[in-house]
Amino acid sequence: MYSQKNAKRPIDFARDVISPSGKLAFDPEKLATIPARDRRWAWVEIDLAAIRHNVGVARQCIGRGKKLMAVVKADAYGHGAVKVAKTALNSGAEYLGVATVDEAIELREALINAPVLVLAEPPITSIPLLLAYKVMPTIYTPEFAIQYGEAADAFGVRAPYHLKINTGMNRIGIRHDEVVEFMTQVSFHRALDLVGTFTHFATADCAETLDFQIQAKRFLEAINAMRAAGINPGIVHTANSAAIIRYPDVHFDMARLGISLYGFHPCQETRRMVELRPAMSVHARITEVKLVPMSEGVSYGMQYRSPGSVKICTLPLGYADGFRRELSGRTDVILDGQRCRQVGNICMDQCMFEVDMRVYGNRRRLDPQIGDEVIVVGRQGDSVVTVDDMANMLGTVQHEIVIGFSHRMPRVYV
């Protein structure tokens, strides 16, 4: 285990020459070699093998002959869009899904050439970017469709897009019973190219299935109406993570793998059906260790008081890093394979945990040192602290927790 007492001596980061003032000058190239984890003792690890495993699980669920979209919006749910996209594509995904034009451009500038779909209709003013970077928009208003087609025609290129159908979630999309009418308004334009048609399920992750069945029925009716009118819907896709695992009947031509790409189950029902592996873990090193006398307080508000015979250890991460303040006193961290209680209010940049120095039963006594690595989210030995635990405690979804771990903490890929 790493500790401050056996840390390496500082590297010589001086230039070989003396500055005009007669003092050594720092060498920027040498400074740049200091690893991210040595600049701040808090970081997020992403296990790319877990990403590959989860893509493989989805591919097994949907079977051969169907495409798989890896949804890498919101910086791949906080995991790092470029790394995750490349890993997913190399593991069996063919498409990428994002939420914004800038997210798509980031992938293109990383030399990722796979089809990229913006999963909502972007502003009309972004049309030149879509065409220049070869990014497909979702369309559901005639105004956007016509201007998109006109701009493409002016440049002598095609204007590929996916059509979004609103089957009951009532967020975005053309109403399921107005699809053919919409297509007659826009399909005359010679540059427009309908590549795919999709909807999004609101309750595929719910135990009750009636609303899901209604949405699926409406979508199929809309697709059949398009075909009856001589309109080719292109790639038909509806299945999100929950539907990929639970509902084979709606896999159609492509499925969209979102939260389960990152190793999280969308609902309780899927836990007994497939094995997913969380890709994200959160780590930190102890920056301070102190014996706090009985009854003395710790952190803002001093809502925690030392019971005596405990060491209070400080970690350099807090709610500015996504370690939510509402978790104060309600979660654990893992030191040397043993769970330790987080104590005191979580601060903006730091938090504390308690190490009980008493010996009783078969309990192993810990000896925390500055520099010791601590698991904030993840597994070590038989001990585990999960994103699911945090989400349940806070009454939210895993998505919000993982996206919340900010990029003040570097991403380290393993």
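**Buried residues, helices and hairpins in a predicted model**

Good morning. I begin with S260, which is found in the loop between strands β12 and β13 (280-285). Helices (H or I, at least four residues) and strands (E, at least two) are DSSP runs, numbered from the N terminus. This is a predicted model, in which local features need pLDDT of at least 70 and side-chain atom pairs count only at pLDDT 80 or more, while totals for chains, interfaces and linings use all residues. Residues are numbered from 1 along each chain as its sequence is written, and side-chain values use heavy atoms, with hydrogens and water left out.

Is S260 buried or exposed? S260 counts as buried because its relative accessibility is 2%; buried means under 20% relative accessible area, exposed over 50%, and partly exposed in between, with a 1.4 Å probe and protein chains only. Leaving aside neighbours within four places in sequence, S260 is in contact with N54, S241, I245, P266 and L276, where contact means heavy atoms within 4.5 Å. The side chain of S260 also reaches the backbone oxygen of F264 at 3.0 Å. That is a polar contact, a pair of N or O atoms within 3.5 Å; within protein, one must be able to donate a hydrogen and the other to accept it, and residues adjacent in sequence count only if both atoms are side-chain atoms.

Among the buried residues of α3 are L48, H53, N54, R59 and I62. What covers the buried residues of this helix includes β3 (42-46), β4 (67-71), α5 (81-91), α11 (241-246), β12 (254-257) and β23 (411-413). How far apart are the end C-alpha atoms of α3? They are 22 Å apart, which agrees with the 21 Å that the 15 residues of this helix (residues 48-62) should span at 1.5 Å a residue. The expected span is 1.5 Å times one less than the number of residues in the helix. At the N-terminal end, D47 caps α3, with a side-chain oxygen 3.0 Å from the backbone nitrogen of A49. Just after the helix, G63 takes a positive phi of about 80°.

Let us turn to helix α6 (residues 101-109). Its buried residues are V101, E103, A104, I105, L107 and R108, and they pack against α4, α5, β5 (95-98), β6 (116-118) and α7 (127-132). Just after α6, L111 has a positive phi of about 65°.

Two further residues take a positive phi although neither is a glycine: A76, at about 55°, and N170, at about 60°. A76 lies in helix α4 (residues 73-77) and counts as buried, since its relative accessibility is 0%. N170 lies in the loop between β8 (159-166) and β9 (174-175), and at 58% relative accessibility N170 counts as exposed.

Next come the aromatic rings. A search of the whole structure finds five aromatic pairs. Rings of Phe, Tyr and Trp (its six-membered ring) pair if their centres lie within 6.5 Å; planes under 30 degrees apart count as stacked, over 60 as edge-to-face and the rest as tilted. F201 and F212 form a tilted pair, 4.6 Å centre to centre with 55° between the planes. Because F201 lies in the loop between β10 (192-198) and α10, and F212 in helix α10, the pair ties together parts that are eleven residues apart in sequence. F201 and F212 are both buried, and together with Y247 they form one aromatic cluster.

Q215 also belongs to helix α10 (residues 210-228). With a relative accessible area of 4%, Q215 is buried. Not counting residues up to four places away in sequence, Q215 touches T167, G168, M169, T199, H200, F201, A202 and T203.

Which way do β18 (residues 332-335) and β19 (residues 338-343) run? They run antiparallel, joined by four bridges; two strands pair if DSSP finds at least two bridges between them. I334 stands opposite R339 in β19. The hairpin of β18 and β19 has two residues between the strands, and D336 takes a positive phi near 50° there. β19 also pairs with β20 (residues 351-356) in the antiparallel sense, over two bridges, and V343 stands opposite M352 in β20. Thank you.
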